[in-house]
Amino acid sequence: MRYYSVHAPTGDGAAADRFVFIKDGFSWPALFVPVLWMLWHRLWLALVYYVVFMLCLAWTDRLAGDNLAVILAILFSLLFAAEANDIRRLALEGRGWDEVGSSFGKNLSEAEVRFFADAPRTVSLDRREAMLRAVAADEQDHQTSDEPILGLFPEPER
């Protein structure tokens, strides 16, 4: 079973056709065709960093020799493929998308079916923001209390 995080654009919680499911774990396309993978997912800044790193790697090749450059290239490619989906999550977060839930399945289709079948489990973005505000207000109430707190639990001593 694969785990998928589910992302939606901010303020567009009802448009289920715009949800993005991102698999957790290793990305094989990012290992074999990283430039095309970054272009496909519109990861422009990551592509710039990748090109700069490859230019530095070519410079290392001229200074230190082929063996070190090949080892560094292989290690970097494996690291990039392992973290590629996390980079994609961070890029979506930077564009203003919210993580609205998670799902799992043997493949993407099964994960989508499971996610939308549990409709009461999925929380709309407006309701999620209201819940976060309520939690923040509750935490603020506990912090402004003048009663001493004993231990690690935010309850007054008994």
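The questions and answers below concern a predicted model of a single chain.

Me: How many helices and strands does the chain have?
Reply: Read along the sequence of this predicted model, the elements follow the pattern β-β-α-α-α-α-β-α-α. Taken together, the chain has 6 helices and 3 strands.

Me: What percentage of the residues of the chain count as buried?
Reply: Buried here means a relative accessible area under 20%. Of the 158 residues of the chain, the share that counts as buried is 27%.

Me: How far does helix α3 reach from its first C-alpha to its last?
Reply: Helix α3 covers residues 44–64, which is 21 residues, and at 1.5 Å a residue a span of 30 Å is expected. The span computed from the model is close to that expectation, at 30 Å.

Me: Which residues of α3 are buried, and why do they count as being on the same side?
Reply: An α-helix has 3.6 residues a turn, so residues three or four places apart point the same way. In α3 the buried residues are A46, L47, Y50, L57 and T60. They cover an arc of only 135 degrees around the axis, which puts them on the same side of α3. On the other side, the exposed residues are W44, L45, L55, W59, R62 and L63, whereas the buried ones, to name them again, are A46, L47, Y50, L57 and T60.

Me: Which helices do the buried residues of α3 pack against?
Reply: The buried residues in question include Y50 and L57. Their packing partners are the helix at residues 34–40 and the helix at residues 66–94, that is, α2 and α4.

Me: Is T60 buried or exposed?
Reply: T60 is found in helix α3, and, leaving aside its neighbours within four places in sequence, T60 is in contact with G65, L68 and L72. Because the relative accessible area of T60 is 18% and the cut-off is under 20%, T60 counts as buried.

Me: What is the volume of the largest pocket?
Reply: The largest pocket is lined by W40, H41, R42, L43, R88, L92 and R95. By class, this lining has 3 nonpolar, 1 polar and 3 charged residues. The volume of the pocket is about 210 Å³.

Methods. Residues are numbered from 1 along each chain as its sequence is written. This is a predicted model: local features need pLDDT of at least 70, side-chain atom pairs count only at pLDDT 80 or more; totals for chains, interfaces and linings use all residues. Side-chain values use heavy atoms; hydrogens and water are left out. On a 1 Å grid over the protein atoms alone, a cavity is a set of points where a 1.4 Å probe fits but cannot get out, and a pocket is an open set with protein on both sides within 12 Å along at least five of seven lines; lining residues have an atom within 4 Å of a point. Grid points are joined across faces, edges and corners, and a volume is the space filled by probe spheres set on the points. Ala, Val, Leu, Ile, Met, Phe, Trp, Tyr, Cys and Pro count as nonpolar, Asp, Glu, Lys and Arg as charged, and the others, Gly among them, as polar. Helices (H or I, at least four residues) and strands (E, at least two) are DSSP runs, numbered from the N terminus. The expected span of a helix is 1.5 Å times one less than its number of residues. Buried means under 20% relative accessible area, exposed over 50%, partly exposed in between (1.4 Å probe, protein chains only). The arc is that of the directions from the helix axis to the C-beta atoms. Contact means heavy atoms within 4.5 Å.
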